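Try each task before reading its solution.

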Amino acid sequence: MSIHPLPPPKQPTGVGRLPVARWFLFIGAVAGVAFAAGVVVTMAMIAHARSLGPRPEVAAQLDRLNVALIVLFGVLLACGAGLAFIVRYAVLKPVAQLSEQVRTVAAGDFDHRLGVDRPAELSELSSHVDSMRRRIVSAWREAADQAEELRRSNGELEQFAYVASHDLQEPLRKVASFTQMLEQRYGTQLDDRARQYIHYAVDGAKRMQLLINDLLDFSRVGRVSGERVPTDSGEALDRALDNLSAAIEDTGTTVTRDDLPVVTGNRLQLTQLFQNLVENAIKFRSESPPSVRVTAERKGDLWEFTCSDNGIGVEPKYADRIFLIFQRLHPRDVYPGTGIGLALCRKIVEYHGGQLWLDDTPAGQGATFRWTLPAAGDDT
Ligand SMILES: Nc1ncnc2c1ncn2[C@@H]1O[C@H](COP(=O)(O)OP(=O)(O)O)[C@@H](O)[C@H]1O
Ligand SMILES: [Mg+2]
């Protein structure tokens with residue numbers, strides 16, 4: 001399993017920086033010195049009292065006091081050593097052991113078992129942490145397996161769409177051209193109904209060609225022509241407008257634009273993106289001649305583009321649906337189309353690492369599409 005490099009551990013601050021062992025050593029040393037000093041001072045006072053020549057019973061008591069002090073000092077010394085031993089072997093060592101195990105897991109060995117046998121509190125804590133590790137790892141593995149399976153089936157689906165649309169082109173071209181030839185050659189010998197049938201057949205074949213070409217474009221994104229280099233988005237728009245020049249002229253469309261930036265992208269796909277958006281703006285126009293405005297604004301490492309029009313607009317409740325493949329909001333005889341355009345646009349933008357969405361626009365004020373693309377290197 002792959003892991004991301006871990007961030008460096010957070011350094012403790014304030015008095016927390018000192019390890020517990022040092023605190024113990026420091027407090028133990030201060031207590032030891034203070035007690036030893038107390039013993040020495042007391043013994044000096046006893047010696048002084050003895051030098052004053054006390055009564056024999058008092059002198060005997062003073063001697064016993066001396067012995068008691070030495071025994072007490074010895075007992076305390078033994079207790080101190082015992083405590084230091086316990087702290088070292090029952091607390092500090094297991095803590096270090098556990099922290100070493102946790103470090104190993106954090107470094108990427110997620111199968112490394114966590115556990116210390118003593119003391120009881122630490123053993124309980126380590127068993128809880130270990131069961132948390134096991135649960136997270138198993139959930140993660142499951143998610144990783146599912147993601148892998150999804151990637152695989154997605155790849156297969158894309159491959160299928162590509163092969164199907166690619167291989168369907170040729171027989172379809174044959175159907176379309178032979179039905180057209182049939183019409184041209186034998187049109188005069190046929191009655192009106194037969195000519196109408198042929199017309200339907202040609203129309204159906206043409207629509208299917210359009211659909212297949214769009215599907216092919218869609219399945220190509222991310223498979224072929226994937227090179228992403230610094231690309232002038234203004235030039236991509238120019239090419240798109242060039243491809244749409246006939247429609248622009250026929251409908252009297254005006255296109256206004258900012259100075260468009262250089263982005264990291266694929267020339268062909270950016271042209272397709274602009275072409276689909278402007279084509280929609282022209283197709284879904286209102287009564288007045290279409291007016292399209294393209295802008296770009298720098299946002300951190302990205303450029304945020306907009307393409308707005310003065311057309312019929314999209315109801316906000318359909319703002320997500322229109323980006324799904326084959327989803328259209330109008331019957332085909334009112335507005336022709338395949339319903340692939342915006343799905344293709346979204347796929348292109350996401351392939352470039354950006355996002356594409358429809359802005360909230362009040363009814364009757366057209367539609368505004370907004371998307372982000374990565375800025376090209378040092379272009380600011
Ligand atoms: N500029 C626009 N103004 C209004 N509606 C739009 C616009 N662009 C897209 N739409 C809506 O989104 C739907 C999907 O668009 P698209 O995927 O390009 O498919 P198509 O153009 O083939 O209908 C369109 O059918 C239309 O209803
Ligand atoms: Mg379209």
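Axes are lines fitted to C-alpha atoms, for helices over the stretch in contact, and angles run from 0 to 180 degrees between N-to-C directions. Helices (H or I, at least four residues) and strands (E, at least two) are DSSP runs, numbered from the N terminus. This is a predicted model, in which local features need pLDDT of at least 70 and side-chain atom pairs count only at pLDDT 80 or more, while totals for chains, interfaces and linings use all residues. Residues are numbered from 1 along each chain as its sequence is written, and chains are lettered from A and ligands numbered from 1 in the order in which they are written.

**Exercise 1.** Describe how helix 3 and helix 4 pack.

Solution. Step one: the axes of helix 3 and helix 4 (residues 192–220) are 8 Å apart, at an angle of about 155°. Step two: angles over 145 degrees count as roughly antiparallel, so helix 3 is roughly antiparallel to helix 4. Step three: sort the contact residues of helix 3 with helix 4, which gives 15 nonpolar, seven polar and four charged. Here Ala, Val, Leu, Ile, Met, Phe, Trp, Tyr, Cys and Pro count as nonpolar, Asp, Glu, Lys and Arg as charged, and the others, Gly among them, as polar.

**Exercise 2.** Work out which residues of strand 3 are buried.

Solution. Begin with the cut-offs: a residue is buried if 20 or more other C-beta atoms, placed from the backbone, lie within 10 Å of its own, exposed if 12 or fewer, and partly exposed in between. Finally, look across to strand 1 (residues 229–232), which pairs with strand 3 in the antiparallel sense over four bridges; DSSP must find at least two bridges for a pair. In this pairing, Asp232 stands opposite Val262.

**Exercise 3.** Find the backbone features at Pro119 and Phe326.

Solution. First, recall that most residues other than glycine have a negative phi, and most peptide bonds are trans. The bond from Arg118 to Pro119 is cis, with omega near -10°, and Pro119 is in the loop between helix 2 (56–106) and helix 3 (120–186). Then turn to Phe326, which has a positive phi of about 70° although it is not a glycine. Phe326 lies in the loop between strand 5 (302–309) and helix 8, and it counts as exposed because 11 other C-beta atoms are within 10 Å.

How values were computed:
Angles under 35 degrees count as roughly parallel, over 145 as roughly antiparallel, 65 to 115 as roughly perpendicular and the rest as oblique.
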